[in-house]
There are 2 protein chains.
Amino acid sequence: MGYNGGMTKIVRAYAPATIGNVSCGFDVFGLAVERPGDEVEVTLRDEPGVVMLGIEGEFARSLPMEASKNTAGVAVSAFLAHTGIERGIGIRLFKHMPLGSGMGSSAASACAALWAANRIVGSPLTKEALLPFALQAEEVACGAGHADNAAPSLLGGFVLVRRTTPLDVVRLPVPEQVYWVLIHPDVVVNTAEARRRMKSEIRLSDAVAQMGNATSFLAGMLKGDIRRMGDSLEDVIAEPVRGPMIPCFDTARQAALAAGALGCGISGSGPSLFAMADGEVAAETIGASMGTVFSEAGIGWQLYVSKTNSEGARIVFEEGADEIL
Amino acid sequence: MGYNGGMTKIVRAYAPATIGNVSCGFDVFGLAVERPGDEVEVTLRDEPGVVMLGIEGEFARSLPMEASKNTAGVAVSAFLAHTGIERGIGIRLFKHMPLGSGMGSSAASACAALWAANRIVGSPLTKEALLPFALQAEEVACGAGHADNAAPSLLGGFVLVRRTTPLDVVRLPVPEQVYWVLIHPDVVVNTAEARRRMKSEIRLSDAVAQMGNATSFLAGMLKGDIRRMGDSLEDVIAEPVRGPMIPCFDTARQAALAAGALGCGISGSGPSLFAMADGEVAAETIGASMGTVFSEAGIGWQLYVSKTNSEGARIVFEEGADEIL
């Protein structure tokens with residue numbers, strides 16, 4: 001491929017946070033929310049390779065500046081290597097999401113970077129074709145290339161990850177009235193550690209129960225039955241292991257349900273919790289109730305309330321983007 | 001309740017065979033086919049209790065005549081006990097399905113009997129309300145009250161059994177062009193033994209893979225994508241254990257796929273196999289290919305090709321049915 005010249009290029013993309021697992025779909029379900037999310041700005045450079053030019057934002061601290069250790073850098077490097085584009089890309093990351101939060105922070109950075117990078121070189125690939133590069137980045141961040149965050153962050157919506165190798169994902173529509181509450185308590189739960197605590201064998205009866213819940217959740221989506229969806233948000237696999245790692249988990253979950261949540265569980269591997277609500281007003285009430293639980297325990301928190309994000313990664317600004325042919 | 005009198009009563013009902021598990025939905029998925037099926041004729045009697053008056057049909061041999069050991073009798077006894085109806089019911093069972101076949105034979109007898117009995121006493125209960133009595137009968141027949149045969153046989157269609165206690169089932173629509181091939185090889189596989197061979201623990205990775213397949217199958221149904229449905233008919237839980245118990249299983253499955261089957265697997269706990277086909281012509285071709293495999297091994301077989309049965313148990317004849325108030 002050759003670059004056909006032109007003006008200064010800057011492209012900035014946004015990619016949303018995601019709720020992985022969605023309680024009943026361990027390593028299989030993920031969905032994107034409207035906020036929070038990360039932004040990535042890319043510029044074209046003459047020297048090949050990827051350079052991190054800066055990391056800003058309220059959660060920038062402690063992120064590695066080396067492109068090879070940062071999910072945005074790893075993803076874009078993999079993309080450039082695959083496409084054979086010989087120009088370099090500079091990355092500026094605006095980190096609006098807490099790290100290690102269970103909200104798909106690393107995936108959002110990678111997906112925003114990929115979508116911006118793809119755009120600045122003339123949009124050679126579809127989102128689906130970009131997904132494998134986000135998974136390579138997830139391997140660096142989490143030690144495993146699970147797609148339950150990257151796929152919804154990039155594609156938007158509710159995504160079923162049937163299989164990672166070969167990659168097989170399906171997007172499914174979430175009923176419009178559903179709002180998601182995401183609350184991140186200021187406690188540290190290491191994703192890799194949370195994953196290690198999972199047993200490699202589970203009871204067949206638990207697998208059957210989880211399969212009943214996961215398929216019932218989809219049946220609820222199919223029928224627009226949001227009560228069934230919420231009622232199916234039961235996790236007999238990960239929550240019994242990970243719940244006790246999160247301070248106030250049971251109390252916050254009970255508070256959410258008492259405040260009208262259709263369902264509530266751990267987002268990804270935690271410590272963030274999510275709740276499903278019928279409408280925005282209910283969601284705000286539920287979020288406030290959960291926040292009170294953490295506040296009373298002396299734990300700070302960030303709260304995000306939004307609908308399902310149906311678009312995934314999107315361009316939010318561009319200047320002089322051009323085509324590479 | 002009191003019986004309000006009237007004419008001689010005879011009601012005959014039909015209930016269809018079912019494909020339990022549907023490969024990817026172990027103990028969770030089941031679907032009804034148009035044929036084969038069992039018929040049950042009931043008559044009202046003055047003496048309370050349930051009496052088996054006869055068992056006929058090509059597969060009548062070796063079925064117990066005691067009402068307490070026969071699924072039709074057990075189901076109707078449970079129904080009468082629940083409703084407090086003091087009349088007795090006589091049962092004549094027309095057994096058109098092989099026993100121990102993996103096609104839900106015991107459930108079909110129970111469901112036909114329940115639907116006929118409910119009708120003859122004035123239809124006090126819905127199908128959903130009758131389902132628990134069919135499960136009691138399944139416990140007698142199979143040692144476990146799984147609903148993946150009884151629910152689709154009674155209700156019709158594709159049924160997701162989210163949970164048995166408390167019972168939670170959902171019916172979902174199967175795309176119209178789908179035809180099901182059911183082939184029963186004349187070999188004996190004991191359902192209880194097939195179940196015993198299952199390990200009580202499975203790998204988490206297998207549970208995740210199965211959940212990916214089961215949810216992908218539903219996503220295919222939701223989107224009318226029958227290729228995805230067929231491709232998702234993979235079973236990493238039961239088939240590795242039960243497949244080797246069925247002579248010619250691998251060869252017959254390969255023959256089905258080579259003949260155009262969208263997917264193929266074990267029906268229930270076997271030895272019957274099922275295949276999913278796009279249209280009736282394809283289904284007939286696939287069935288013939290599978291039959292050839294068994295014939296060449298010197299094994300006899302019965303073949304059934306039909307669409308999804310959307311009605312479930314149905315009344316096929318009645319004379320003088322009356323109301324009990």
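Q: Where is Pro166(B) found?
A: Pro166(B) is in the loop between β5 (158-163) and β6 (168-172) of chain B. Helices (H or I, at least four residues) and strands (E, at least two) are DSSP runs, numbered from the N terminus. This is a predicted model, in which local features need pLDDT of at least 70, side-chain atom pairs count only at pLDDT 80 or more, and totals for chains, interfaces and linings use all residues. Residues are numbered from 1 along each chain as its sequence is written, while chains are lettered from A and ligands numbered from 1 in the order in which they are written.

Q: Is the peptide bond from Thr165(B) to Pro166(B) cis or trans?
A: That bond, from Thr165(B) to Pro166(B), is cis, and its omega is near -10°.

Q: And what kind of peptide bond joins Arg35(A) and Pro36(A)?
A: Arg35(A) and Pro36(A) are joined by a cis peptide bond with omega of about 5°. Pro36(A) has its place in a strand, β2 (residues 29-45) of chain A.

Q: What is phi of Val22(A) near?
A: Phi of Val22(A) is near 50°, a positive value in a residue other than glycine. Val22(A) belongs to the loop between β1 (10-20) and β2 of chain A.

Q: Buried or exposed, Val22(A)?
A: Val22(A) counts as buried because it has 31 C-beta neighbours inside 10 Å. A residue is buried if 20 or more other C-beta atoms lie within 10 Å of its own, exposed if 12 or fewer, and partly exposed in between, with C-beta atoms placed from the backbone.

Q: What about Ser23(B), where does that lie?
A: Ser23(B) is in the loop between β1 (10-20) and β2 (29-45) of chain B. Its phi is positive, near 65°, in a residue other than glycine. Ser23(B) has 27 C-beta neighbours inside 10 Å and therefore counts as buried.

Q: Changing topic: how many residues of chain A are in contact with chain B?
A: There are 29 residues of chain A in contact with 29 residues of chain B (C-beta atoms, placed from the backbone, within 7 Å). The largest share of the chain A side, 13 residues, comes from α6(A).

Q: How do β8(A) and β8 of chain B pair?
A: β8(A) and β8 (residues 201-203) of chain B pair in the antiparallel sense over three bridges; pairing requires that DSSP finds at least two bridges between two strands. Arg203(A) stands opposite Glu201(B) in β8(B).

How values were computed
Contact = placed C-beta atoms within 7 Å.
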